[in-house]
Amino acid sequence: PVLIVVINILIRRTFVPIEELAHRMDQRTDNELGQVPTDGIPIEVRPFVGAINRLLARVTQSVETQKRFIADAAHELRSPLTALSLQAESLDSVNLSESNQLKIQRLKEGLLRARNLLEQLLTLARTQGHQKNVSTSVSVGEIFRRVLEDLMPALKKNLDIGVISEDDATLFYNETEILSLIKNIVDNAIRYTPEGGQIDLAVSISDGMVNIMVHDSGAGIPPEEIHRVFDPFFRVQGNQEIGSGLGLSIVKSIIEKMNGHIYLENKGISPDTTGLKVTISIPDSYLSSA
């Protein structure tokens with residue numbers, strides 16, 4: 001009996017490193033494809049861990065090849081699309097019939113959508129890459145202001161949009177990615193909020209997290225589709241808004257790099273409205289000390 005107890009203890013201690021390794025692997029995100037550490041792993045199991053590392057290396061190489069292809073293809077298509085857009089703009093000075101002017105206008109809109117799609121593809125490729133970011137001190141309140149300045153000229157709806165929080169937070173991170181993060185969320189809110197609706201922006205710091213909130217009075221998202229909206233090119237069924245379908249994929253990539261979280265909640269701004277509340281939570285370790 002004593003021998004049985006001793007053997008049981010030895011087996012449990014032997015498998016402790018494997019259990020810890022399994023726990024660390026479970027904590028990894030989809031983009032973490034780094035090598036599995038072999039420290040403390042029993043010699044008998046190391047060949048298996050080595051095989052997993054070789055598989056991860058091949059998967060990483062395959063993913064990087066796909067990302068480079070998307071980025072290169074989008075980059076190569078920018079020049080001809082820009083040239084076509086300029087040619088379409090030059091037709092404004094030509095005396096055309098009303099029907100032809102309508103066709104030219106539709107052509108311009110199609111070219112603009114294609115250019116926006118390419119820009120989103122390039123942004124997604126950059127955010128999913130592993131290159132080192134240049135970090136600076138970035139004020140969330142200032143980013144709010146810049147996003148509203150960028151989007152307001154294109155805004156044709158009579159929306160009540162503004163920042164409702166008095167607090168601010170200064171993050172130490174890549175400014176371009178923070179701008180892209182917030183701009184994509186606000187752009188989605190503007191697209192899916194009906195005429196005369198309301199959009200509130202806010203930032204707060206609590207419980208060790210920096211919380212960025214964008215709350216609109218749109219139609220919200222069907223509960224069964226919320227988990228899919230972060231998939232590239234996914235569009236909510238029955239929605240007529242034109243977009244690339246990549247905005248939330250870009251947002252998710254940036255948040256994962258920052259070890260943050262994003263929460264979507266169907267919740268009206270007031271009791272008599274529908275709406276979607278998007279909350280981004282980022283660890284306060286990214287707060288600037290300057």
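Student: In the protein chain, what share of the contacts with a separation of 6 or more comes from residues 24 or more positions apart?
Tutor: Those residues account for 70% of such contacts. Keep in mind that this is a predicted model.

Student: OK. What does the secondary structure come to?
Tutor: The chain has six helices and seven strands. Along the sequence they follow the pattern α-α-α-β-α-β-β-α-β-β-α-β-β.

Student: And how does the radius of gyration sit against a compact globule of 290 residues?
Tutor: Such a globule would have a radius near 19 Å, whereas this chain has 24 Å. Its C-alpha trace spans about 95 × 45 × 45 Å along the principal axes.

Student: How much of the chain is buried?
Tutor: Buried residues are 34% of the 290. The chain exposes about 17,800 Å², with 56% of that supplied by carbon and sulfur atoms.

Student: Switching to Gln198. Where is it found?
Tutor: Gln198 is in strand β4, which covers residues 198–206.

Student: Which residues is Gln198 in contact with, leaving aside neighbours within four places in sequence?
Tutor: Asp160, Thr193, His215, Asp216, Ser217 and Ile269. Take Ser217: it is 19 residues from Gln198 in sequence, and the two are 5.5 Å apart in space, C-alpha to C-alpha.

Student: What does the side chain of Gln198 make a polar contact with?
Tutor: The side chain of Asp200, at 3.1 Å.

Student: Last one, charges. How far apart are the mean positions of the positive and negative ones?
Tutor: They are 7 Å apart, for 29 positive and 37 negative charges.

Note on methods. Residues numbered from 1 in each chain as written. Predicted model: local features only at pLDDT ≥ 70, side-chain atom pairs only at ≥ 80, totals over all residues. Heavy atoms only, no water. Helix = DSSP H or I, 4+ residues; strand = E, 2+ residues; numbered from the N terminus. Rg over C-alpha atoms; globule rule 2.2 N^0.38 Å. Buried < 20%, exposed > 50% of the residue type's maximum accessible area, 1.4 Å probe, protein only. Contact = heavy atoms within 4.5 Å. Areas by Shrake-Rupley, 256 points an atom, 1.4 Å probe, with all protein chains shown as cover. Lys, Arg positive; Asp, Glu negative; His and termini not counted. Charge placed at Lys NZ, Arg CZ, Asp CG, Glu CD. Polar contact = N/O pair within 3.5 Å; in protein donor to acceptor, adjacent residues only side chain to side chain.
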